[in-house]
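I opened my notebook to look through a structure today. Here is what I looked up, entry by entry.

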Amino acid sequence: MNKDAQMRAAINQKLIETGERERLKELLRAKLIECGWKDQLKAHCKEVIKEKGLDHVTVDDLVAEITSKGRALVPDSVKKELLQRIRTFLAQHASL
Amino acid sequence: MKMEEMSLSGLDNSKLEAIAQEIYTDLVEDSCLGFCFEVHRAVKCGYFFLDDTDPESMKDFEIVDQPGLDIFGQVFNQWKSKECVCPNCSRSIAASRFAPHLEKCLGMGRNSSRIANRRIANSNNMNKSESDQEDNDDINDNDWSYGSEKKAKKRKSDKNPNSPRRSKSLKHKNGELSNSDPFKYNSSSGISYEALGPEELRSLLTTQCGVISEHTKKMCTRSLRCPQHTDEQRRAVRVYFLGPSAILPEVESSLDNDSFDMTDSQSLISRLQWDGSSDLSPSDSGSSKTSENQGWGLGTNSSESRKTKKKKSHLSLVGTASSLGSNKKKKPKPPAPPTPSIYDDIN
């Protein structure tokens with residue numbers, strides 16, 4: 001298992017070093033806005049906040065509410081494309 | 001750790017896939033977290049709910065999706081059928097034509113000053129040959145009414161103001177028409193002959209082509225040499241109006257005598273069949289000959305007879321100067337006996 005962990009760490013390191021991680025992040029953000037994911041999530045937030053009351057909102061509350069929903073709401077096309085790019089990256093750097 | 005140990009090729013695909021999924025999940029969670037921070041900051045700073053409006057206003061500006069309306073709920077051709085009342089002349093005008101109408105009606109704007117200048121120039125032209133003051137006033141008054149505006153416009157479009165032809169035809173018209181009722185001159189370039197009396201008709205026919213157009217049933221107001229109509233047509237019109245003994249225009253003008261009749265023309269026809277002889281007697285009136293020529297479409301001859309003194313010198317060149325002298329007592333116009341032959345040759 002150590003090897004796996006090391007493996008993952010190495011891969012992550014590679015991602016960051018080449019700047020691929022940033023690129024992937026930007027790509028994901030743009031795609032999510034395009035498909036309306038952000039608006040959906042915002043509407044959900046509003047409801048949550050109205051329930052809780054404006055003054056009593058904390059970060060933890062929001063995080064707990066939103067991440068689960070957010071992960072579910074990502075459309076399949078976006079997911080597939082991102083995975084594709086990651087695999088390509090891994091394949092490129094396989095020998096490394 | 002050495003790089004060689006980290007070789008991914010040793011891993012099987014499922015593990016690769018698992019790694020890819022992990023990376024993906026990390027990325028998504030990053031995005032969500034970023035979003036949460038944004039929202040939290042917006043809530044705490046108080047601008048989170050700013051883009052909301054109350055439900056009533058939301059309903060007002062909802063997107064409209066009905067047939068015949070655009071998304072704002074407006075009808076497409078609404079302003080075409082609407083009519084406005086002009087404050088100047090109190091007529092109801094279509095909305096899309098309202099602005100140009102107002103321009104003309106109030107006499108302001110670029111176009112209306114141009115038209116006014118043109119009209120002044122026209123009335124100056126007409127005034128030169130006009131002696132009748134009353135008619136002058138009538139014509140000037142015409143300028144200010146609506147009908148004559150259109151009249152003036154159409155006349156403008158029919159004839160190029162700069163062409164040399166225009167002045168010629170104007171002179172003819174002004175000499176004759178101003179004495180007749182100017183109101184009968186309508187906007188198409190013709191006269192409706194029903195409204196004219198016989199005297200007016202006659203006077204018109206002496207100066208104008210007069211051929212009745214089939215489409216408009218109006219007489220052509222162009223000159224006697226107008227290229228749109230043949231001499232045969234002109235002759236037919238005159239016969240139609242003035243009877244079978246119709247005197248053709250060149251003969252009919254006051255300068256001509258009235259001794260002409262058809263028998264002369266009969267003899268002339270035979271004579272005009274050119275057989276090479278050049279001693280055609282000029283005693284038979286030259287202008288009557290030209291009337292025959294009209295029947296044959298030799299348009300040039302009619303011009304010969306009409307232009308009185310100028311053509312004399314021309315004819316003398318032809319070689320019958322001697323014969324011209326005898327004709328003077330009869331008519332001031334020079335005869336054109338030899339000219340048909342000349343032109344026959346050319347033709």
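**Aromatic pairs.** I began with ring pairs in this predicted model. A pair of aromatic rings is described by the distance of the centres and the angle of the planes. The rule I used takes rings of Phe, Tyr and Trp (its six-membered ring) with centres within 6.5 Å, and calls planes under 30 degrees apart stacked, over 60 edge-to-face and the rest tilted. With that rule I get three aromatic pairs over all chains. B:Phe48 and B:Phe49 make an edge-to-face pair, because their ring centres are 5.1 Å apart and their planes stand at 75°.

I also checked how covered these two residues are. Buried means under 20% relative accessible area, exposed over 50%, and partly exposed in between (1.4 Å probe, protein chains only). B:Phe48 is buried at 4% relative accessibility, whereas B:Phe49 is partly exposed at 26%.

**Ground rules.** I noted that local features need pLDDT of at least 70 and side-chain atom pairs count only at pLDDT 80 or more, while totals for chains, interfaces and linings use all residues; side-chain values use heavy atoms, without hydrogens and water. Residues are numbered from 1 along each chain as its sequence is written, and chains are lettered from A and ligands numbered from 1 in the order in which they are written.

**Chain A.** How many helices and strands are there in chain A? I find five helices and zero strands (DSSP runs: helices are H or I with at least four residues, strands E with at least two, numbered from the N terminus). Of the 96 residues in chain A, 34% are buried. I picked out A:Val48, which lies in helix H3 of chain A and is buried at 9% relative accessibility. A:Val48 and A:Leu62 are 14 residues apart in sequence, and their C-alpha atoms are 8.3 Å apart in space.

**The core.** Of its 33 residues, A:Ile86 and B:Val39 touch the most other members. Which element gives the most to this core? I see that H1(B) does, with twelve residues.

**Zinc finger annotation.** An unreviewed UniProt entry annotates residues 84–105 of chain B as "zinc finger region: SGF11-type"; such annotations are in the numbering used here, with shortened feature names, and may be inferred rather than shown by experiment. In the model, this span is 36% helix and 23% strand, and its end C-alpha atoms lie 14 Å apart.

Methods
Core = buried A, V, L, I, M, F, W, Y, C linked by side-chain atoms within 4.5 Å.
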